[in-house]
Amino acid sequence: MKRYMHKFMQDPLSWTIIPIITLFFTVFLILPLSFTMYAAFVHNGELNLSAFGTIFNTKKFWDPFPEINDSNFYIQVIAPGDGITTIRIRGLDYGIFLNTIIIGIATTLVSLTLGLTTAFFMARLEFRGKTILSGLLLIPLVIPPFVSGIGYNALLGPSGLLNERFFIPVFGIRLLFQGIVAIVIVQSLHYFTLIYLNIYSSLMNNDPSLEEAAENMGADRLTVARSVTLPLAMPGIASGSILVLILAMEDLGTPIIFANSGDTVAAKTITFYIMQNFFLGENTSEINQITAILGAFLLLFALIGFYAIRKYVSLKQYSMVSKGRSGKFRTVKLGKIGHVLIYVYFTVLLLVSTIPHWGVIIISSTKPQVWPLEFSSENYNKLFDFENGFGQFIYNTIVYSFTATVLIVILATLAGYVANRKKFWGQTLFDTLVTIPIAIPGVVLGIGYFRMFGNSEGFSIGDLFFTLNPIVAPSVLLVISYTIRKFPFTVRAVYAGLQQTDEVLEESAINLGASKSRVLWEIIIPLIIMNIIGGALVSLVYNMSEVSTTLILVSDTSNGTITWKMAQETGKIAELAAMGVFLMVLQVISLLVTNVLLKNRADAISGI
Amino acid sequence: MVELKIEDLHIFYDDFHAVRGINLTVNDGEILTLLGPSGCGKTTILRSIAGFITPRKGRILLGEKDITHVPARLRDSGMIFQNYALWPHMTIEENVTYGLKMRKVPKEERHRKAMAILSQVQLEGQADKTPGQLSGGQQQRVALARALVIEPTILLCDEPLSNLDFQLRVELRTEIRHLTKKLGVTTVYVTHDQSEALAISDTIAVINAGLIEQVGTPLEVFNDPDTLFVANFVGENNQIEGQVTKLEKGLVEVKTEGGDTLTYTNLQDPFMEDTAEEGDRKSAPKLAVGDKVSIVTRYDKIFLDEKATENVLTGTIRNLAYMGTMVQVVLNLNDGSKFTVNVSENLNKVMGMGLGSTVKIHLPESACFLFKDNLRVR
Amino acid sequence: MKKITLLSMVIILSLLVQANTVASILDQPSSSTTDPQVDVEPNADIKLVIATRHDSIIYNKFIDEFVKSSYGAAAGITSASQVKIQAPTTYDGFYKVMTNPFFEADIGWGGGPTLFNTLQKDGALGKINDTATLAAINEAVNDTIAGAAMKSYGDDGELYWAANAISSFGFTVNHKELEKRGLPVPRTWEDLASEDFFTSTSEANIGLGNAPDTTSNTRVYQIIFQKYGWERGWQIINGMAGNGQIYRGSVETRQSVISGETAVAMTIDFYGLIAQSENPDTEYIVPENASIVNGDPMALAANPAHPVAANEFMKFAFSKEGQALWLDTKINRLPVRPDAFDTPLGQTRPDIKSLYDKTLSNQGIQFNETLSSSIEEAMRYLWEASITDVHESLRATWGRIMNSWKKDAFTVNRYNELIEAMGKPPISMEDIAKINDQIISDPEFRTQKIAEWSAFALEKFDGVDELRTQPEVIGNTTISVSSVENTVQNVPFLTSVSFMAIATIGIIRRKRNKL
């Protein structure tokens with residue numbers, strides 16, 4: 001006992017922080033997830049494995065070889081004799097389970113193609129306007145997925161601008177993207193930037209002499225790219241792709257937008273199903289076992305993905321074998337034709353990937369059903385109106401997000417410092433604990449929270465602490481869920497800062513008599529304050545546009561956030577778009593500030 | 001086997017004139033070293049030979065062929081990099097055979113050649129390892145093998161030993177010279193380490209600020225520097241300033257800033273014409289009374305001699321360092337400047353001298369190099 | 001210097017906000033006026049606790065006025081901060097709040113008769129026996145309106161809940177769209193299922209809410225079943241779905257007719273009123289003799305913590321002035337008490353008054369609440385399985401029937417046969433009542449049943465298609481369907497696959513070449 005007291009006194013800061021944070025994460029992350037797993041296996045208090053079988057036997061969930069019919073097709077052309085021809089591009093429905101997997105994979109592949117090509121162009125080609133372009137390429141990232149769906153719908157939806165004002169009058173055709181195709185399009189246009197940033201960072205960190213050596217050996221540019229550049233960029237490629245895979249599969253916002261406007265295939269995704277079929281029935285708070293099983297699978301995929309990323313990131317030492325750089329990169333200077341081609345590529349890419357942005361801006365600032373477009377700010381006037389408008393939601397969003405972010409900053413700085421500097425048993429576990437939330441699908445955590453804190457059968461912690469009971473008062477749990485889910489961004493930023501800070505700075509202070517907490521407060525924090533702020537900003541912005549746990553935990557207007565409100569009134573596109581633009585502006589501001597502070601570190605922004 | 005010829009090479013980085021008119025010839029089978037401080041342009045010249053940089057003006061000829069604008073990968077040069085540049089995701093054998101693969105050499109022959117060259121660098125048995133599993137010295141040997149296995153027309157070495165510790169450097173520079181001589185490969189070698197240059201080269205070109213200071217054998221460069229820069233760069237040197245006070249046929253008298261007088265009778269043509277050209281310097285400027293000159297002496301070519309009378313400097317001992325085979329005596333001259341003498345005899349006696357004691361330093365005429373405006377006065 | 005300023009700004013801002021939050025979070029969703037800045041210390045003396053499913057706009061308004069009224073004074077409540085709101089979202093939560101002394105709940109308000117009947121059965125409600133309160137209620141509310149119960153008595157003869165507002169169920173039309181599409185103004189459900197409301201397979205004229213996602217639309221379907229019977233009910237529903245589009249919630253359904261995406265949408269009355277206020281081209285219609293009136297209850301908690309205040313609030317809510325609050329332009333609901341329209345506020349809403357009159361004069365159907373509860377859950381999943389999940393096929397099949405019928409491809413007999421075949425449910429009402437409980441409690445069983453029902457529906461549509469193309473024999477003549485109008489073409493699998501394969505290969509090659 002004395003030994004432990006002694007050890008404690010040596011470093012009271014760390015030995016207080018570690019248990020507190022571990023406890024926090026255990027109670028609000030590990031346990032709820034275990035409850036989800038539990039709910040997946042148990043029904044009515046008994047172990048029930050046949051539910052797994054039911055899922056795989058039901059076409060609604062598992063339909064690997066779907067029959068093509070009026071509901072299930074790739075492309076459908078409806079051509080009535082008179083009137084508008086409707087062309088629906090949809091993609092098949094493979095059942096809820098497979099749909100989600102396919103969406104994830106498809107989005108990843110498309111994002112990978114776009115991101116890889118773009119990263120290569122930006123890293124290895126030289127052409128005018130590159131600096132402006134690198135800023136422009138961040139734009140797709142600043143639109144939260146939910147808003148993205150709204151904007152997309154506004155332009156390309158069934159009654160969107162393009163259909164109403166262009167396709168129908170000119171061609172007499174209504175072009176519809178639905179189902180898996182629509183979701184993949186909207187998601188890819190947003191997520192490819194993440195992959196691009198990751199790969200770009202990888203490419204720029206490569207040792208240029210490795211490529212020069214290959215060229216010296218007689219390889220032409222393509223061969224160099226294929227045999228040297230690409231393999232060495234694998235860590236960036238892999239981690240970016242896996243991240244997108246996880247995010248695409250756990251995305252709730254995009255399916256909601258499409259499902260709520262009548263797209264039945266879009267509704268057949270795991271996240272949407274979980275949201276709609278949360279409870280077993282109107283009168284109970286027991287979690288539907290099927291829902292829990294789907295959630296468990298989602299969680300499993302995410303965890304596997306996370307593990308794979310960590311393995312690849314540790315392989316990043318790959319490119320550290322060759323130390324030092326012997327010059328800049330061998331870039332290809334583009335001639336006139338090259339310039340034209342590149343500009344065409346990027347123009348198309350940017351135009352297409354900013355469709356949602358345009359959609360949202362146009363629809364929120366113009367009068368509806370009026371052509372040619374007339375501007376009006378009525379939707380924006382509603383923004384801050386507390387009585388009629390969205391003031392309440394903006395207020396709630398800001399309150400919840402800020403509170404969560406403040407919590408994050410405090411806890412993450414302490415946790416980051418301790419985890420990074422102190423060697424203790426379980427350090428890797430601790431580190432994993434605080435960074436894994438990024439892979440945890442929000443809906444799954446929501447299930448866990450309900451099961452753990454709001455369960456009606458038997459005992460639940462929520463009975464002891466009503467503030468934590470989501471059925472009664474979701475706001476506290478919501479803030480906690482924000483804190484947990486966006487923790488990794490700030491932690492990563494803190495790590496990055498600490499990496500750049502030499503340990504000797506602390507050691508000299510300790511040598512002069514400072515306690516560890518003094519060192520933290522007076523030496524470390526001032527040195528890494530920029531990183532902390534940058535990380536906090538990223539966390540804050542993601543908090544503000546969080547969708548999944550919000551939709552699951554909140555059901556009353558008074559607790560609603562911006563995203564919550566958007567999900568309730570998916571039809572009122574114009575007003576939602578105004579809120580969406582507001583969120584976008586916030587994201588842009590924070591991205592700019594983060595850029596300046598963190599100098600565009602891809603890992604801080606993406607949180608891996 | 002071919003000779004490499006560089007004619008009037010000018011290279012710019014944006015507006016910065018990095019290489020300002022270089023003319024060089026490397027004979028077949030010769031090892032030429034480009035020696036100079038960081039930023040002097042030596043690496044730039046090397047990389048332009050490799051084809052990674054295009055000169056703004058000038059030509060590079062390999063044999064009869066003008067390769068100035070030929071793409072890097074078609075120049076048939078083998079390059080070794082400072083950081084080895086071994087591909088970490090390939091095995092040693094894959095690294096070595098990469099160039100052969102590019103030359104469409106069939107598989108069995110590639111393997112055979114790789115094994116052969118690896119045994120030449122004493123790395124047989126490592127073929128299946130990855131670079132991360134080898135030490136720095138081993139990695140550099142792999143790099144050497146990779147460059148040589150393709151039997152290149154010319155071998156280019158970009159400070160290949162700078163990242164290694166002293167022992168390895170000494171060991172490897174011998175190996176490199178041995179192998180290249182054995183294979184008869186024309187080599188251009190870049191380094192900032194003068195002892196390395198002296199050990200490894202047939203010819204040394206000393207480069208400073210984009211211009212050649214001197215081209216010559218190691219002996220010439222070491223013992224007969226053309227310019228003040230070369231004199232200071234090679235070997236361990238003292239430099240003192242003085243002014244010409246007397247000028248007669250066969251006699252030059254210089255008064256140092258410290259007040260000592262030095263006379264030189266071994267200068268051949270103090271009245272010769274100034275024939276310096278840009279890019280290619282020849283020494284032999286004209287002297288006149290009142291000219292400012294610099295005198296450079298090697299630490300180990302001068303002596304402490306109480307009995308000396310001519311060409312003597314006086315100084316007080318500032319520091320004594322016993323180095324094993326010699327004692328390094330650091331002195332303050334009359335004007336307060338530092339002066340170092342490496343004494344290799346009567347070490348005990350020298351060590352016994354107290355700090356602050358006054359001594360006399362004798363500068364034999366043969367040990368002094370005189371320079372006016374950076375050019376050597378002969 | 002700039003960095004420090006930035007930092008201090010961020011810190012100060014977050015501290016300010018955080019202070020605010022701590023206050024508001026500790027003090028759970030509290031009643032607030034229009035200014036959501038919570039100006040209450042965590043320990044203000046709460047004198048009344050209301051559990052409600054109503055929107056904040058509603059309860060805020062009522063509380064604000066209550067506080068200003070004599071009733072509030074009588075209860076000793078002078079500030080809105082003394083009233084606390086609980087907003088449980090499930091039955092379970094509601095039950096907990098109403099019964100667990102921790103919450104000190106006094107009143108339960110809003111959520112529909114079904115919810116309150118169950119609460120009453122489970123003993124979560126307290127008897128209303130204060131004389132003054134009873135008098136106020138009886139003055140305001142009759143026992144029934146249009147045949148529907150407005151009060152609930154227990155076996156002990158005591159009053160447990162009374163309706164504080166009423167609503168009916170019908171549909172909202174968009175006149176402009178009706179005109180544009182050449183559709184008549186519908187009067188009842190059958191109209192919506194008829195060929196008059198079919199224009200083309202690619203145009204949805206009617207908006208329906210997916211049953212599991214909306215209680216109000218479910219109510220509509222229950223009404224249809226009880227009015228027309230189980231089999232005919234399904235025929236009508238299939239017809240409406242064939243003519244329309246399914247939405248995932250009552251708000252989305254409502255929005256579809258406001259935006260003009262559909263011409264008619266199923267709505268509860270006050271959603272219709274909201275639609276009218278947002279788009280004057282819309283109008284809520286109570287279907288003739290085919291609706292019911294729901295009373296939205298108010299009740300006492302089993303053991304109210306502040307009985308005096310509770311009763312005062314009840315009296316207020318049933319008073320003329322209290323009732324008039326339902327007519328607020330942001331609330332738009334029907335009060336239960338007719339003389340609410342005589343108040344100054346009430347007189348500003350002639351539109352609601354006319355709806356009120358219509359509602360009362362409409363002969364509602366006899367609605368069997370027990371019956372509807374006995375099949376409700378199972379019916380909702382059946383609805384989703386046989387309508388929403390197979391909607392495209394439903395529409396395509398229906399479209400083929402309609403198009404052929406418009407071209408007189410068969411006789412009325414055949415037409416009726418087709419309608420009947422189209423609407424055939426996979427299970428009878430009695431049988432579905434038997435499995436209702438299991439559907440609720442056993443998710444596996446539920447999933448299996450849903451799969452069964454969807455498969456049944458798809459087969460059913462195939463059968464309908466077959467039937468439609470079968471030639472009819474009438475007497476000595478044979479009528480056959482002229483060339484099948486296949487307005488729906490599914491680009492064949494091979495074409496799609498080849499297209500995608502070529503595209504993929506193209507992409508891969510492009511990627512390789514770019515490198």
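**Chain C, overall**

I began with contacts in chain C: of those with a separation of 6 or more, 75% are between residues 24 or more positions apart. I count two residues as in contact if their C-beta atoms, placed from the backbone, lie within 7 Å. A reminder to myself: this is a predicted model, in which local features need pLDDT of at least 70 and side-chain atom pairs count only at pLDDT 80 or more, while totals for chains, interfaces and linings use all residues. Residues are numbered from 1 along each chain as its sequence is written, and chains are lettered from A and ligands numbered from 1 in the order in which they are written.

I then looked up the secondary structure of chain C and found 21 helices and 17 strands. These are DSSP runs, numbered from the N terminus (helices are H or I with at least four residues, strands are E with at least two). Chain C has 515 residues, and 53% of them count as buried. Buried here means that 20 or more other C-beta atoms lie within 10 Å of the residue's own, exposed means 12 or fewer, and partly exposed is in between; the C-beta atoms are placed from the backbone.

**Helix α10 of chain C**

How far apart are the end C-alpha atoms of α10(C)? They are 18 Å apart, and this agrees with the 18 Å that 13 residues (230–242) should span at 1.5 Å a residue. The expected span is 1.5 Å times one less than the number of residues.

I also checked the cover on α10(C): ten of its 13 residues are buried. Among them are C:Trp234, C:Ile236, C:Ile237 and C:Met240, and C:Gln235 and C:Asn238 are on the list too.

Next came chain B, with nine helices and 21 strands. Its C-alpha trace spans about 75 × 50 × 35 Å along the principal axes. Of its 378 residues, 43% count as buried.

I noted two domains in chain B, domain 1 (4–230) and domain 2 (231–377); the bounds come from an automatic or database domain assignment. Their centres, taken over C-alpha atoms, are separated by 37 Å. Each domain of chain B gives 17 residues to the contact. On the domain 1 side, β2 (16–26), β10 (211–216), α7 (218–223) and α8 (228–233) of chain B each give two or more residues. The largest share, four residues, comes from β2(B).

**A sheet in chain B**

Which strands stand at the edges of the open sheet? I first wrote down the order of its six strands, β13-β12-β11-β14-β20-β21 (chain B), with antiparallel pairing. The edges are β13 (261–264) and β21 (375–377) of chain B; each has a single partner strand, so one side of each is left without a neighbour in the sheet. From one strand to the next, the twist averages 40°. The axes behind that angle are lines fitted to C-alpha atoms, and angles run from 0 to 180 degrees between N-to-C directions.

Strands pair if DSSP finds at least two bridges between them. Between β11 (237–248) and β14 (292–298) of chain B, which run antiparallel, there are seven bridges. In that region, B:Asn237 stands opposite B:Arg298 of β14(B).

**Where chain A meets chain B**

Last, I looked up the contact between chains A and B, which takes 23 residues of chain A and 23 residues of chain B. On the chain A side, α9 (208–216) and α10 (221–249) give two or more residues, and α9(A) has the largest share with seven.
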